[in-house]
Amino acid sequence: MSDRTARGNGSDGVSRRGFIVGTGSIFGLGVAASAGLAAAAQTATAAVAAAPIGNGANVPVLVIGTGYGGSVAALRLAQAGVNVEMVEMGMLWDTPGSDGKIFCKTSTPDYRSFWLRTKTKQPLTNFFGFPIDSTIPKYTGILDAEDFAGITVYQGRGVGGGSLVNGGMAVTPKRANFSYVLPSVNADEMYNTYYPRANAMLGAATVDPAWFETAACYQFSRVGRKHAQRSGFAWTFVPTVYDWDYMKQEQAGTATRSALDSEILFGNNYGKKTLNHTYLAQAKATGKVNITPLHKVTNVTPKAGGGFTVTINQINTSGDTVATKTVTAAKVFFAAGSVGTSKLLTKFKATGALPNLNNEIGKGWGDNGNVMCGRANHMWDPTGTLQSTIPCSGIDNWDAGGAFAEVAPIPTGIETYASLYLSITKTTRRAAFSWNAATGKVDLSWQLAWKQDSITMAKTIFDKINSKEGTIYRTDLFGVYKEWNDTLTYHPLGGAILNKATDNYGRLTGHPGLYVIDGALIPGNTTVNPFVTITALAERNIEKIITTDL
Ligand code: FAE
């Protein structure tokens, strides 16, 4: 373990190398379209702060978490002239392992893969019926599979949050659905200003349609399109934040493969525009943002005379606390993700640390209606031995059946004759977080049986396709004779709902100076993949907060 620790746990603050490595690995291979981002990342290198946050520090703004909400807040506050300290429980992923790569592949998970687990917990649990999970050393890996009673919630851990591990699908909800997504928010403002701003900042773009038609790595998508359209469903390209020029080079054999080398879930070594190359690079470039990884916030409480006292545990790569720090912050932004923020606020309300929080805290949590299934295609419909890990298309049956399904890859390197789908469904099920004083943990009231609603909605697509094609569901991917993965979500949303637990801009009720700015604000469902909406909402809210509160 000492060897591993030496390989770069980032515990001594953000190293200069972080952005150098990031710049070189993703953008340093002559990808002209990425020159702007590469420049931004390089500029950031010079501005990196040297020290982790110190015990006793007194800071104007502390941001808890470095995912989408936190990164937007940090950049915009810094541009407004405010010094920002960001605290992140995961690592700074900047140092290659013995294989020369920072991140490990989905197909060969090692110590870098999972957050403090001794056995992997792959979303695709089985292959041809055989369990595929393996033992791994306990380490502060990049993907957390956090178990609650009725559901496992997958989340990214590290500087960049979910952007490190996600599929990069950057989807804006249909305008007609927006009142379902965020009922208290002005849709005109979002669609005229904040969605375009978020998409531009994130670098969202759609695959070149001509290239798509011939690229071997998207045969699985073309098969998905054929089957969807033959059953009369709307099939659509969806934007992603992967560098399409880079992927073209991967396919052509002129660049080191990442999306085409089964990299996803545990990080992409090249090609994906994570927050470290967009918002966080620009935030660092201001010289006003400092990020401290491997530090976990455990308490926030009002300080006599104003501001807040924040307790932070510094951890090592085994997850053990090696130091406890107390800092003071005038303002605190909760950006620990839907689950992270909800757990903190639920605990702080129950334990009296933040006694004035209202009774909406912990409520309204949803799974974005996630369910997965696979279909067994005929032998004349192979999906390809080479599959890009970045999904680029979806099937839209939201209005008629309450389901939007991304056509997902199975990047195993062998022909599986399978089509895989992650569906997002219009489920109304909402769970609540509660403090369990006996265990000292936060529980979630989700029930496994609730996923049946999502399965029923997803079946409006896949029963019809199977019937038309004369095909069946795969029963060997999520267990033995199990058609649906109904035990997980990649898209946790809610727990501190906008205009309920907070005001309409994320200010927490009862404690001026505390804000929520992440997926916890969104009431359980975005109708599509969520990170563009989280980013756009954060852009909207921080603009108001900067104008009125600072
Ligand atoms: P998030 O990005 O989760 O960031 C929260 C950060 O806070 C994390 O880095 C945590 O480690 C950190 N943190 C938590 N608690 C603490 C604490 N106490 N102290 C310090 N730090 C803390 O939050 N969405 C899409 O739109 N498209 C996709 O293709 C897509 N694919 C996905 C695939 C996978 C495997 C997963 C797991 C998620 C995927 N998502 C996708 C979801 C997306 O990544 C997620 O909605 C956003 O990352 C949530 O953003 P937040 O800012 O809310």
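Predicted model: local features only at pLDDT ≥ 70, side-chain atom pairs only at ≥ 80, totals over all residues.

I began with an open sheet of three strands, which has the order S5-S6-S20 and mixed pairing. Strands here are DSSP runs of E with at least two residues, helices are runs of H or I with at least four, and both are numbered from the N terminus. Two strands pair if DSSP finds at least two bridges between them. Strand S5 (143–147) and strand S20 (488–489) stand at the edges with a single partner strand each, so one side of each has no neighbour in the sheet.

Residues are numbered from 1 along each chain as its sequence is written, and side-chain values use heavy atoms, with hydrogens and water left out.

**S5 and S6**

How many bridges join S5 to S6? I found five, and the two strands run antiparallel, with S6 covering residues 152–156. Asp147 stands opposite Thr152 in S6, and Ala145 has Tyr154 as its bridge partner there. The link between S5 and S6 is a hairpin through four residues.

Next I checked burial, where buried means under 20% relative accessible area, exposed means over 50% and partly exposed is in between (1.4 Å probe, protein chains only). S5 is mostly covered, with four of its five residues buried. For S6 the count is five of five, so S6 is largely enclosed by the rest of the structure. Thr152, Tyr154 and Gly156 point one way from S6, Val153 and Gln155 point the other way, and all are buried.

**S6 and S20**

On this side I noted two bridges, and S6 and S20 run parallel. Val153 has Thr489 in S20 as its bridge partner.

**His491**

I followed the chain on from S20 and stopped at His491, in the loop between S20 and strand S21 (514–516). Is His491 buried or exposed? His491 is buried, with a relative accessible area of 8%. I then listed its contacts (heavy atoms within 4.5 Å). Leaving aside neighbours within four places in sequence, His491 touches Gly366, Asp367, Asn368, Asn370, Leu422, Ile424, Asn529 and Pro530. I also looked up Arg76, which is 415 residues from His491 along the chain, and the C-alpha atoms of the two are separated by 25 Å.

**Positive phi**

Asn368, one of the His491 contacts, got its own entry. Its phi is near 60°, a positive value in a residue other than glycine. Asn368 sits in the loop between helix H11 (337–351) and strand S12 (371–376). Its relative accessible area is 0%, so I logged Asn368 as buried.

Leu265 is another entry under this heading: its phi is positive, about 70°, although Leu265 is not a glycine. I placed Leu265 in the loop between helix H9 (244–252) and helix H10 (279–285). Leu265 is buried too, at a relative accessible area of 15%.

**Pro391**

Pro391 lies in the loop between S12 and strand S13 (393–397). At 3% relative accessible area, Pro391 is buried. Which residues does Pro391 contact once its neighbours within four places in sequence are left aside? My list reads Gly167, Met169, Val238, Thr240, Glu406, Val407 and Pro409. I also checked Ser221: 170 residues separate Ser221 and Pro391 along the chain, and their C-alpha atoms are 7.8 Å apart.

**H8 across H13**

I looked at helix H8 (residues 219–230) and helix H13 (residues 451–469), whose axes come within 9 Å and cross at roughly 90°. The axes are lines fitted to C-alpha atoms, for helices over the stretch in contact, and angles run from 0 to 180 degrees between N-to-C directions. That makes H8 roughly perpendicular to H13. The cut-offs are under 35 degrees for roughly parallel, over 145 for roughly antiparallel, 65 to 115 for roughly perpendicular, and oblique for the rest. At the meeting point I noted His227, Ala228 and Arg230 in H8 against Ile465, Lys468 and Glu469 in H13.
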